[in-house]
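Please view the sequence and structure below alongside the notes.

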Amino acid sequence: MGHCYSLDLRVRVADFVEAGHSCRAAARHFDVSDSFAIKLVRRTRHLGSPAPARQGRPPGGGKLAPYEAFLIQTVEAKPAITMPELAARLREEHRIVAAPAMLSRLLCRRGFSYKKCLMAAECARADVRDERRVWRVQRQVRMREQPHRLVFLDETYVNTKMTRLRGRSRKGQRLRASAPFGDWKTHTFVAGLRCHELSAPWVIDGPITRSAFDIYIETQLAPTLRKGDVVILDNLAVHKSERAAECLKRQGAWFLFLPAHSPDLNPIEQAFAKIKAHLRKAEARTFDALWQAIGDICNLFEPHECWNFLKAAGYASV
């Protein structure tokens, strides 16, 4: 479908003819076709405006219009339904054949986007639900007043077989990649997230244990803390260490445990997602290479990015 001439040009052509020139003279002057000038003047005199008519199909048309409510109701009842499954439902219940892409475009026009936030089913329990409500309604409100005191702590696994999970290849051809499946090692990356930096990053050779956690607190995190800092972390058993808590107390700081089953309340998870994306790109295959890659990635975190992590999780207001 061709594009309309701009409204500015259409107005100038109409004004040129109204000034006493012929339509063909206007066409030669503005380098447009004679038929365009003639039809434009006719439209302007008939409708009082040189603006073009709307192009394309009028909104609300098409064969899916009568079934729009059914499609939206189906998606709202089962948000994880795929477009092929939705097309099959439409065909079974209304005998209407529609391509999955057509259904996707309709949902996009109606404000739906493809997203999903996976939550633990235990969050629906009364005790967990009450803890999360208290955290959001009471504690987060006070935390937003002094976000510089918050240190969000967590750990995540990293290993020497990480690689990007997907790529591109020609249609009809498999994309084959390689990564170690037998000789690889898993390590633990632990760090704290502040409103302006990723603090005290550390790599542990193996899984996190109580003794490793105590050593991390004493040698890595505690020296970075100031009086009044609050270290926020999940209630993993190894985190509930009296030795580590005593170490924080000597610095004038303390632990504050998140509600159970609530990783979404810890903004460092967003930082970990960035770290793992870069590690998949780096494809480090030795511990030394992995350690070096993590060090380089930690330097990528800018203060405004760390602030945005806290803001997205509700711990900063501006």
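Helices (H or I, at least four residues) and strands (E, at least two) are DSSP runs, numbered from the N terminus. Just after α6, Gly111 takes a positive phi of about 95°. The model is predicted, with local features requiring pLDDT of at least 70 and side-chain atom pairs counted only at pLDDT 80 or more, while totals for chains, interfaces and linings use all residues. Residues are numbered from 1 along each chain as its sequence is written, and side-chain values use heavy atoms, leaving out hydrogens and water.

**Helix α6**

- Helix α6 spans residues 100–109, and its buried residues (under 20% relative accessible area, with exposed over 50% and partly exposed in between; 1.4 Å probe, protein chains only) are Leu103, Leu106 and Leu107.
- These residues cover an arc of only 95° around the axis, taken from the directions from the helix axis to the C-beta atoms, and therefore lie on the same side of α6.
- The buried residues of α6 pack against α4 (68–77) and α5 (83–94).

**Packing of α8 and α9**

- Helix α8 (residues 210–221) packs with helix α9 (residues 242–250) at an angle of about 10°, and their axes are 9 Å apart; axes are lines fitted to C-alpha atoms, for helices over the stretch in contact, and angles run from 0 to 180 degrees between N-to-C directions.
- The two helices α8 and α9 are therefore roughly parallel (angles under 35 degrees; over 145 is roughly antiparallel, 65 to 115 roughly perpendicular and the rest oblique).
- In the contact (heavy atoms within 4.5 Å), α8 contributes Phe213, Asp214, Ile217 and Glu218, and α9 contributes Arg243, Ala244, Cys247 and Leu248.

**Salt bridges**

- There are eleven salt bridges, each a side-chain nitrogen of Lys or Arg within 4 Å of a carboxyl oxygen of Asp or Glu.
- Arg132 and Asp264 form one of them, at 2.9 Å from N to O; Arg132 is in helix α7 (residues 126–143) and Asp264 in the loop between β5 (254–257) and α10 (268–282), 132 residues apart.
- Arg132 is buried at 11% relative accessibility, whereas Asp264 is partly exposed at 26%.
- Arg194 pairs with Asp229, with the closest N and O atoms 2.6 Å apart, and both residues are buried.
- Glu305 and Lys274 form a salt bridge with closest N and O atoms 2.8 Å apart, linking helix α12 (residues 303–313) to helix α10 across 31 residues.
- Glu305 is buried at 18% relative accessible area, and Lys274 is buried at 19%.
- Salt bridges with shared partners join Arg132, Arg136 and Asp264 into one network.
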